[in-house]
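Me: I have a structure to go through before setting up some calculations. Could you walk me through parts of it?

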Amino acid sequence: MSAVPATDEVAHRLGELLARAAGPLRQLADEVPFDVPVELHTFLQETFGPGSYGLHECWDAAARAVLERPVTPERTALLRSLLLGNGSGFRGWELIRLVQGLYDAGALDDDVLHPLLRVRHRSWELCPVDPARREQPHFHDRPALWDEVSAGCRDRIADSLDRFVDLLCAAPTAESVRQLPPWRPRGTRFFLRALELWRAETTAPGGDRARGTAAVYLARARLTEAEQVSLLDELGTRPRAEREAAVALAASAREQPLDLLELLDAADARPLARLIRAGVAPVDPESDAIDLGALRRVELPAERMAELLPLLCATATTVTADLAGLGAGSVGAADDLPEFLLARYGLNEPRVRERLRRHAYSAIACLGLLPLTAGETVLDRYLELRGCAKAATRFGAERRANHLRAVHAGLWHLAQVTGYPSADRLEWDMEARLATDTPQRWSIGAYTLSVDLADPAVPLRVERAGKRLASVPKQVRQDPSYGEIRAVQERLREQARRVRTGLIEPLVAGGDLLDAAGFDRLLALPAARAMLSALVLRTADGVFGLLDLSGAAPALVGLDGVPVPIGAGGGAGVGVGIGAAHPLDLAARDLLGGWQREVVRRRIRQPVKQVFREWYRLTAAEREDGTWSLRFAGRDVAGAVAGRLLTARGWRASVREDQPFATRRLGGCHAVLRFDELGHFLGEGSARTGPTGFVETVDGPGHSLVLGAAVPLARVPALDLSEALRDVDLVVSVAARQLPSEESPSDSAAAVRGALLAALVADLGLDRVTLDGRYARVRGTRADYRVHLGSGSVHVDPGGHLCIVPAGLTRTPHRDLFLPFADDDEQTSVILSKVLLLADDEHIADQDILGQIAYVSAPVDR
């Protein structure tokens with residue numbers, strides 16, 4: 001950019017003022033502001049700042065004016081003063097032209113560069129920009145000095161950088177280490193200096209670990225092929241301990257490390273070293289559990305793995321924290337792969353166990369990799385991981401989700417170590433073994449105690465002389481073995497909860513079909529067998545029914561009462577798949593209403609919502625919009641409550657500056673709920689929901705998730721779409737910051753609540769109750785009522801509000817109320833109790849309610 005050259009008078013005055021400025025040495029730490037002298041500030045504004053120029057623009061204008069002056073010693077001195085006097089730095093082309101101008105004048109030396117390099121943000125500007133840093137938003141469209149200056153200028157800066165590193169690492173301190181530039185020094189002397197620092201640290205460890213940090217930095221040195229050969233010759237005669245240290249220090253560089261394996265006659269370990277550098281693909285993308293098959297293809301004999309793996313897994317954290325140990329006991333928490341690999345061979349067990357007490361995520365995942373100890377069974381390790389999962393309840397929503405993800409990674413690791421094809425197969429086998437290996441019957445004196453595994457609540461039965469007792473006698477409670485019995489009961493209750501949430505709920509929500517082996521494994525679990533018997537099952541060839549296990553082979557009993565065998569030779573064929581029916585399946589065959597009435601008639605309490613599960617279909621507007629649904633957008637919700645609900649249903653939140661969102665994998669794609677307004681994290685305060693949609697992929701770690709291409713809603717499988725909208729509907733209903741309105745709940749939720757009321761009314765024979773859209777109309781003996789199926793508000797016709805306090809109905813629901821599912825649904829319980837109460841209003845005893853009815857139904861004296 002051209003500019004008007006500065007006059008001699010301006011240049012002279014600028015030089016005088018710059019000579020008094022503090023320069024970059026004033027700004028050795030980023031948090032210390034650079035104070036521009038008032039006189040210099042005023043001069044820059046008046047001379048180079050026409051209009052609304054800010055201070056940065058004034059500096060840039062001054063640089064352009066000086067660069068336009070003829071090349072003279074005075075101009076060169078002024079260029080040096082500008083670089084050293086502007087502590088906040090120049091931006092873009094002005095910095096490039098100043099550095100190139102000094103080089104062309106033969107004045108770009110250490111006296112200029114080293115003071116600049118001591119300021120962190122200036123050192124980043126003078127060094128090459130790595131590809132990852134170029135992708136950051138503030139680097140877009142910004143020229144990089146290293147790319148724009150001449151080759152000779154780059155060489156001059158590189159030589160100065162090497163000398164600067166020499167100075168800082170001559171006697172490392174915490175301050176000198178902080179000033180190390182983002183630069184890989186060149187030459188063997190730097191790697192040899194790293195070994196010298198290692199020897200000094202192992203001889204007399206320093207408190208600030210500055211020597212360790214400097215050693216790791218210097219081990220990143222770049223060497224030519226000839227220099228690497230020379231280094232191998234130099235180190236080949238060193239003691240074994242130094243050669244091992246050299247291999248570990250080289251490995252800690254990670255990016256383009258030196259290959260020094262020949263020092264230990266370990267050329268056969270190069271495939272293993274490449275795998276550690278490149279990483280291992282996850283066997284389960286949701287939990288990031290590593291695929292141990294990749295490790296098995298490159299592993300060495302056990303004694304060689306124990307010798308070399310700690311060296312090859314050395315990280316910057318390892319070497320800095322424990323130079324003497326070089327990795328086996330102190331891999332850093334931020335580098336999961338080395339920790340996983342070391343755990344696989346039991347080389348870091350004390351470290352893992354110590355971090356497990358602090359609930360470190362990587363340590364939990366490592367628990368599935370550690371070799372079993374003498375006398376320890378797979379079931380013991382499985383229960384230990386399940387104990388870790390139970391500890392997640394004490395954490396907030398975000399940490400709970402990460403904690404449970406680590407547990408799932410640990411289960412995947414344990415499955416691979418012990419020969420199971422998946423974490424699910426491991427879980428099913430362990431749960432079945434837990435039920436069969438655990439005692440279920442005990443005797444204490446004249447009493448017999450047993451647990452009922454057919455009941456998901458796993459009640460404890462106490463009998464005497466064949467008669468069941470209503471409570472546990474004092475003699476039994478005081479027996480020393482009673483505590484152990486209760487512990488067994490609680491363990492089996494935990495199993496029932498896991499089966500319900502981990503096996504039965506996904507079976508209903510996912511629509512998956514099990515093969516014969518999978519179905520048999522589920523039936524082997526008493527808790528699962530009881531829960532399956534309460535579900536409407538379906539086969540791949542369209543048979544629907546309740547499970548009947550009373551015959552020689554399992555059968556499905558349909559609405560017509562006819563059992564259809566599904567076992568071997570049964571015709572319906574478990575071999576072609578069997579699973580739980582989704583409401584969409586039943587509705588598509590016009591069977592949903594029939595099964596809803598049948599479940600209520602039989603008083604079947606389903607373990608999860610199934611026939612009365614909320615279900616959703618695309619609207620015409622959503623089909624026309626194409627990729628995003630606005631059905632639940634613009635709702636203000638409590639962030640903490642929304643976070644807990646989403647986490648419990650497998651959603652992951654990603655808080656990004658451009659667009660915060662939450663995702664959940666459903667089928668072959670990912671559901672996305674965007675947020676239009678959100679704090680730094682979901683639980684920080686209130687949030688406002690945005691559109692809901694689906695994308696093909698979700699990539700990236702932690703909170704830096706990146707969404708792939710959007711999937712048109714019409715192409716999303718109907719079941720996946722329904723389950724995603726059901727989750728979002730739950731969030732906007734339960735976490736809403738406003739009280740329920742006449743427009744709540746959604747049409748789908750209101751329809752399910754109405755269907756349940758209709759089935760219950762029909763079963764009870766209540767001809768006084770009818771459904772009218774979102775209202776239940778009740779013809780009582782004292783008045784006629786309208787009960788809103790969303791808010792639960794009650795109106796006495798023709799007009800007048802009736803207040804029925806929900807608290808009493810929550811504590812004591814109506815005697816005829818039956819909810820055919822185990823899920824908590826307090827609002828439905830309260831609303832249906834109100835309807836049943838008003839349908840029998842001649843027996844209302846509450847004087848407050850009676851007084852209100854009499855008041856609002858009395859004629860008005862006009």
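Me: Is strand β15 enclosed or open, and why?
Reply: Strand β15 (residues 661-666) is largely enclosed by the rest of the structure, because five of its six residues are buried. Buried means under 20% relative accessible area, exposed over 50%, and partly exposed in between (1.4 Å probe, protein chains only). Helices (H or I, at least four residues) and strands (E, at least two) are DSSP runs, numbered from the N terminus.

Me: What kind of model is it, and how are residues numbered?
Reply: This is a predicted model, in which local features need pLDDT of at least 70 and side-chain atom pairs count only at pLDDT 80 or more, while totals for chains, interfaces and linings use all residues. Residues are numbered from 1 along each chain as its sequence is written, and side-chain values use heavy atoms, with hydrogens and water left out.

Me: Which strands are joined to β15?
Reply: Strand β14 (residues 652-654) is joined to β15 by three bridges, and strand β16 (residues 669-677) by six. Both pairings are antiparallel. Two strands pair if DSSP finds at least two bridges between them.

Me: Which residues stand opposite each other?
Reply: Ser654 is opposite Phe661 in β15, and Arg665 has His670 in β16 as its bridge partner.

Me: What lies between β15 and β16?
Reply: The two strands form a hairpin with two residues between them, and Gly667 in the turn has a positive phi of about 65°.

Me: Changing topic: how many salt bridges are there?
Reply: A search of the whole structure finds 50 salt bridges. The criterion is a side-chain nitrogen of Lys or Arg within 4 Å of a carboxyl oxygen of Asp or Glu.

Me: Which residue forms a salt bridge with Glu244?
Reply: The side chain of Glu244 meets that of Arg240 at 3.1 Å, N to O. Both residues lie in helix α15 (residues 240-252), four residues apart, about one turn of the helix. Glu244 is partly exposed at 24% relative accessible area, and Arg240 is also partly exposed, at 33%.

Me: Which residue does Asp259 meet?
Reply: Asp259 forms a salt bridge with Arg270 (2.5 Å, N to O). This pair links distant parts of the chain, with Asp259 in the loop between α15 and α16 (270-278) and Arg270 in helix α16, eleven residues apart.

Me: Finally, is Cys313 buried or exposed?
Reply: Cys313 counts as buried because its relative accessibility is 0%. Cys313 lies in the loop between α18 (302-312) and α19 (316-321).
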